[in-house]
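Hello,

The structure we talked about is pasted below. My notes on it follow; please read them with the coordinates open.

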Amino acid sequence: MGRSLLWVLGLLVLAALLSAPSWTAEQPYVLHMLVLMCIFAIPAVGLNLMLGYSGLVSLGHMGFAGLGAYTAAVLMVDARWSFWSALGAATIASGLAGVCIGLICFRFRGHFFMIVTLAFGLLLHAVMNNWDEVTRGAAGFAGIPRPRPLQWGDEVISFGPLPHFYYLALGLALLAFAVQYLVVRSDLGRILSAIRQDERLARSRGVDVLLYKTVVFALGSALAGVGGVLQVSFLRVAAPASFNMLESINTVLIVIVGGAGSLMGPALGALLYVGLPEWLRLANEWRLVIFGGLLVLITLFAPAGLAGLLSSLWRRLSPPRGGSS
Amino acid sequence: MSILQVSGLAKAYGGIRALEEVSFDIAGPGIYGLIGPNGAGKTTLFDAVAGTVKPDSGRVMLQGQDVTGWPSHRMARAGISRTFQECRVLAEESCLDNVLFAAQPKGLGASVRQLITRASGHRRHLREEAMRLLSMVRLQDYAHQPAALLSFGQRRLLEIVSTFISSPEVFLLDEPASGVNPALLVVLADFISAMYAERPRVFLVVEHNMEFIMSLAQDIIVMHQGRVLERGTPAQVQASPAVMEAYLG
């Protein structure tokens, strides 16, 4: 019974998200925020697969989002590619960069691994910030187009209006969550979880740990790339500051505050990250302060994050079930 | 053709020579004991055979194939399954999932195929087998509980049971009796004997509990200071002056 109720709740949330353009018609600003949530949630899903499920804490995650974003920007503006081809190419580029950089980072463990990912994040940011000929440097890469209108019979869907772009962002976010669900609830997910719990044991059971770590790093980086492309297409400008160390740490915070290793964690984290400062009407600078404070509280009282809090609340409220789970 | 053949295996950690020219031959199925005083090199030998450490020299042959220096995941896929002295289980997973994890295919191709097809037809049979194994060590009531809730002795049994489901050719059990209470020790000995009777394979057991190993194994290899000191039946080994000397100094 508990499970079917959960499905109903999930479908209600989905219905609310799908009908958002109509219930936010009076306040398009809310829709704008929902788009931003999707933009933050997609890289967070990628990091959740790495950090939450596989135990790989990367502090340079948004560097890969930037790599995807700038790849798409160059392809769309300089090479006149369509959004869709640029999105595909940028996703592959971020994934491949994940493979190459991951293989170097995996030579290190624990804290050293984190420091090396941080260094690569800084390196990617430095390239975006300084390679003026290609990335337009610190001034940012302006003039990035929204996707060209899609023709469906007589129907023309343009992505210029906010509600249409919202559906694109929502679609990509749902796709990211679907990928996460498929991975987590599969043999691959069980292998990743075993690597996080006990690498030596996983190895002795036949798991090629380096191979699987590389795969999840590539997948996480590719998802970061998707988020990056979506962001710059929405804002129509790519700025190095969107992909710096601070943003990488914010993504780690989104994952941990939302609930690392939980399917809905990135969504809850992104909701809080985008929503809370707006709701409290605070300046952007306060966001880090609030999230830092929340992180302390969550580490102390709810190590499983918001998702963990919600699920324990759910268990308390739903009637006990007979038999084993 | 021998099932497991170790020849001239050597491994040094800095100035400490953990293994010096260890050679032995395991021709056929059986329960073999590997004993020796602390620091004799038993665990290093296990690590070298299981691929956890790379030997400096020497060879490990598995069913005629040279597997020297293979990484442990390759060793596991080739048919060498091991347990650890410190006992390793997936603490967050249920007991049943611990056993099923040991059985699931570990190749990337197979994992990606399963991701797409979601095929789990073979799981039913595996679940039944996993439950049978768990009930043999009296863990059936804990099947759906996380392994973290088990006592140390029960975790030890779970770890051992998990190595059996993938049907390897060689089992390396590193001190299976340590930390296990006397009641569970009987369960453990019965389990190993029953598994051997079901399908005779090679069980190589490192153990300090002499009573346990002498009643379980038919063939005992004694190590001392990184070498094989003696080999024989439990009675022969117990009567050997060299073994007495090694243990008592």
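Setting aside residues up to four places away in sequence, A:I42 has contacts with A:L172, A:A173, A:A176, A:L223, A:V226, A:G227 and A:L230. Please keep in mind throughout that this is a predicted model.

A:I42 is also one of two residues, the other being B:V205, that touch the most other members of the largest nonpolar core, a set of 165 residues. Helix α3 of chain A, residues 28-53, gives the largest share of this core, with 15 residues. As general background, nonpolar side chains in soluble globular proteins tend to be buried together.

**Contact between the chains**

How many residues does each chain bring to the contact? Chain A brings 22 residues and chain B brings 20 residues. On the side of chain A that touches chain B, four helices supply at least two residues each: α8 (162-184), α9 (187-197), α10 (199-204) and α11 (209-235). Of the elements of chain A, α9 gives the most to this side, namely six residues. By residue type, the side of chain A that touches chain B splits into nine nonpolar, six polar and seven charged residues.

**Chain B as a whole**

Chain B contains 10 helices and 10 strands. Along the principal axes, its C-alpha atoms fill a box of roughly 55 × 40 × 35 Å. The radius of gyration of chain B is 18 Å, which agrees with the value near 18 Å that a compact globule of 249 residues would have. Buried residues account for 41% of the 249 residues in chain B. If one takes the contacts in chain B between residues at least 6 apart in sequence, 69% of these join residues at least 24 apart.

**A glycine in a loop of chain A**

A:G140 sits in the loop that runs between α7 (132-135) and β1 (141-142) of chain A. Leaving out residues up to four places away in sequence, A:G140 touches A:V237, A:A238 and A:A239. A:A25 is 115 residues from A:G140 along the chain, and the C-alpha atoms of the two are separated by 32 Å.

Regards

Methods
Residues numbered from 1 in each chain as written. Chains lettered and ligands numbered in written order. Predicted model: local features only at pLDDT ≥ 70, side-chain atom pairs only at ≥ 80, totals over all residues. Core = buried A, V, L, I, M, F, W, Y, C linked by C-beta atoms within 7 Å. Buried ≥ 20, exposed ≤ 12 C-beta atoms within 10 Å, placed from the backbone. Contact = placed C-beta atoms within 7 Å. Rg over C-alpha atoms; globule rule 2.2 N^0.38 Å. Nonpolar A, V, L, I, M, F, W, Y, C, P; charged D, E, K, R; others polar.
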